[in-house]
Amino acid sequence: MDRYICIHGHFYQPPRENAWLEAIELQDSAYPYHDWNERITAECYARNAASRILDDEGWIEQIVNNYSRISFNFGPTLLAWMAAKSPDVYEAILEADRESINRFDGHGSAMAQAYNHLIMPLCNEQDKKTQVIWGIRDFEYRFGRKPEGMWLPETAVDIPSLETLAAHDIRFTILAPHQAGRVRPLSGGEWQNVENSSVDITMPYLQQLPSGREIAIFFYDGPISRAVAFEGILNSGEEFAARVMQGFIEDREGPQLAHIATDGESYGHHHTHGDMALAYALQYIESNDLAELINYAAYLERHPPTYEVEIYEDTSWSCAHGIERWQSDCGCNSGGHPGWNQGWRAPLRESLDWLRDILIPAYEKNSAPLLADPWAARNNYIEVLRDRSPESLDRFFDRHAAKRLTDQERIDALKLLEIQRHALLMYTSCGWFFDELSGIETVQVIQYAGRAIQLAQHFCGEVLEPGFLQVLQKAHSNIPEHGDGRQIFENFVKPAMVDLQKVAAHYAISSMFEEYDEVTDIYCYEAGREETGYSEAGRARLTTGIVSVTSRILLESAVFEFGVLHLGDHSISCGVRSHHDRKKYDEMVKELFALFETADFPNALRVLDRHFPDYRSSLTTLFQDEQRKILDLILGSTLENIVASYRHIYDAHAPLAHFLRASHNPVPKALYHSGEVVLNADLRRAFEAEEINGEEIDLLLNRAQHAGIELDRQTLEYTLRKTLERLAFQLLENPEDIEILARLESAVGIAKPLPISVELRKMQDICSEIRNQIFDPMKEKAKLGKSDAKEWLDRFRALCELLILRIE
């Protein structure tokens, strides 16, 4: 067969980690999920790892891993997050690449990516090199092989970037058709202009480079790719397959490759059930022998380029003006805010370039006594980013240290390398892609700049922040209250900054609400309890202590003493200072506890003020997740009291509210809201119960329907789904346990007809896995007359019927 199809998905999320905590904090806009990585993983990445193919009756016929039959790349920072937070999806992606090696002539489908998705043509030479090396090394670590291809972020390209790829043995990349300038046969002949996307996309091309190296380039089908992303063809798998087939040139002899490239998030996040359209299209193409599925590396081996190309430099797939979207107000934007401008893009880049160009000589000068080759050390720092264990650090410094380093010199070397890491992260392309300076993606890159500035103070001999802000303030927000870049830095970046003292304050306050081990991890810090004192009087509580705090990133440590007074609810006052004088600490402890035990709280607060004049903190200074956790604890009893008050109103006046509604009279808001609060709270409690009570749920839903109460569907669906998933995981751990199976069958049976549309994917996945593990052995046991096996089969079949999952 001379017809081949390759579908490429570029799966990527910008790094969202707090630059000081190395973790993603709570993002309310992603509710009911913790953050956008978690939400998009559920909506897209997990779905493509276990996508459904339905039969003619709408039952699940197969659950397939889409990644194993397409070409794909994942951003390294996204995979690092996924390995820690969604390991099952992460492992499915790695397994898909292993499967693709067997499927596609020994060539894996995964491609590498320039590390943190910055615009390569706008990078200096050293940053290009580091991005490619980090992308390759991260790929090798995760996929266990060398990458053959590499995705250029936003397909932004110039000849120096291609030189960097080729110099590191990357065989090919993918570009948009409008990035091809002219082509000619490798055997010679006249150049043919292929402007306006007229290049023949069904073949690979060879780009000859000034160094004498070369790299293959695939130009994807632009119209079909746009149809996938924007024109709704993922509404039907068959329509999708038919549209991809249009990528072939009819009546042409010889091999042809029809191929598309889009954001991978099209398959599930941007388009609900897009993963199923992809799964069905791939199966439809294969089962009808319409073409052979292949990946780029396998096609390149079978059919090497016969033409060469000269690209248009400084172009990309997502900006009609080349690469201006990442440095000017070119007119490219999301289209969602008419009247806004992106004049802020140029001064944002100018401010970061200013900072980078100051940090380079500071790095070279200060690292020269510590690192034998500072830039080689930066290129190999990816080994530390993957593994920060003491053994890994020893290997790194054995290789790169200019001499035997003292502990303080190691700390300084790590600070210098972290400055460079954040100076790369601050160029992540999403910072410029969207419409507004105060958007979360743009604030994120400014935050990385803030971290680099903070670390650099020790080395630069000058305060960098004023100079940086002088440039950044030329960037103006479209939202008047956010002002300019300086104001955004002060309001969104400064409050996020962390030092060891702030970690100690977080430890001190949060220790009032949870019991810590002697040594406790707080994000990328380690807190060691050295001494504590505690007392309570009614709702008031007092704690004092000494704690050591160590950064696991930089290895620097400090010891702090603290006092915390909690007078109930959110009234918390905390003081923290360096621990140097044992006598002073003992005096403070004695004074505080004496006043507390006589309930002299005003004077106790004054003692805190006197002993901790330089650093006071409260609940507002806690890191966001812990702050929300403590607020939930504080609000718990308060909300219970509020719900109880609403319940009193609801129970007393529900008949009147029902009469008003039945007689078509308006229900007063106070009566309506009492029912809304009470019934949604009762439903959440019923959905969280260990044993799901269908009769109770039906009663509550009937009451809500008769009262015209609007259900909090998003929260209720998520609550019930998590309960069902908990039961399903219990069954996976004990697949032969009939009692757990019966409980899950009953719970799913209750959930199915509810007016909430509960997502059952995870239960389907688990039942499919159990089917593959023990369904056939259970049938054999049942044939031998085992009554337990027969009951198990009956219940499992009933559960799978509820889940519309074909098992036989």
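Y507 is buried, with a relative accessible area of 2%; buried means under 20%, exposed over 50% and partly exposed in between, with a 1.4 Å probe and protein chains only. The model is predicted, with local features needing pLDDT of at least 70 and side-chain atom pairs counted only at pLDDT 80 or more, while totals for chains, interfaces and linings use all residues. Residues are numbered from 1 along each chain as its sequence is written, and side-chain values use heavy atoms, with hydrogens and water left out.

Y516 is also buried, at 12% relative accessible area. Aromatic pairs were assigned to rings of Phe, Tyr and Trp (its six-membered ring) with centres within 6.5 Å; planes under 30 degrees apart count as stacked, over 60 as edge-to-face and the rest as tilted. This rule gives 32 aromatic pairs. In one of them, the rings of Y45 and F74 are edge-to-face, because their planes stand at 70 degrees with the centres 5.5 Å apart. Y45 belongs to helix α1 (residues 36-49) and F74 to strand β4 (residues 71-74), so the contact ties together parts that are 29 residues apart in sequence. Helices (H or I, at least four residues) and strands (E, at least two) are DSSP runs, numbered from the N terminus. Y45 is buried at 0% relative accessibility, and F74 is buried at 4%. Y507 and Y516 form a stacked pair, with 5.0 Å from centre to centre and 15 degrees between the planes. One aromatic cluster consists of F11, Y45, Y67, F72 and F74.

Charged groups also sit over rings, a term applied when NZ of Lys or CZ of Arg is within 6 Å of the ring centre and within 35 degrees of the ring normal. The charged end of R349 is placed over the ring of W432, 4.3 Å from its centre. For R541, the charged end sits over the ring of F513 at 5.0 Å from the centre.

An open sheet of 6 strands has antiparallel pairing in the order β15-β16-β17-β18-β19-β20. Its edge strands, β15 (519-522) and β20 (616-617), each pair on one side only; strands pair if DSSP finds at least two bridges between them. The antiparallel strands β17 (residues 540-551) and β18 (residues 557-566) are joined by 10 bridges. V549 has A558 in β18 as its bridge partner.

Side chains of opposite charge can pair when their charged atoms come close. A salt bridge is a side-chain nitrogen of Lys or Arg within 4 Å of a carboxyl oxygen of Asp or Glu, and the structure holds 62 of them. K128 and D158 form one at 3.7 Å, N to O. This pair links distant parts of the chain, 30 residues apart, with K128 in helix α4 (residues 125-143) and D158 in the loop between β6 (150-151) and α5 (159-167). K128 is buried at 5% relative accessible area, as is D158 at 6%.

The side chains of K781 and E736 meet in a salt bridge of 3.8 Å, N to O. K781 lies in helix α27 (residues 761-783) and E736 in the loop between α25 (713-733) and α26 (738-751), so the pair ties together parts that are 45 residues apart in sequence. K781 is partly exposed at 35% relative accessibility, and E736 is partly exposed at 45%. E22, R388, E418 and R421 are linked in a network of salt bridges.
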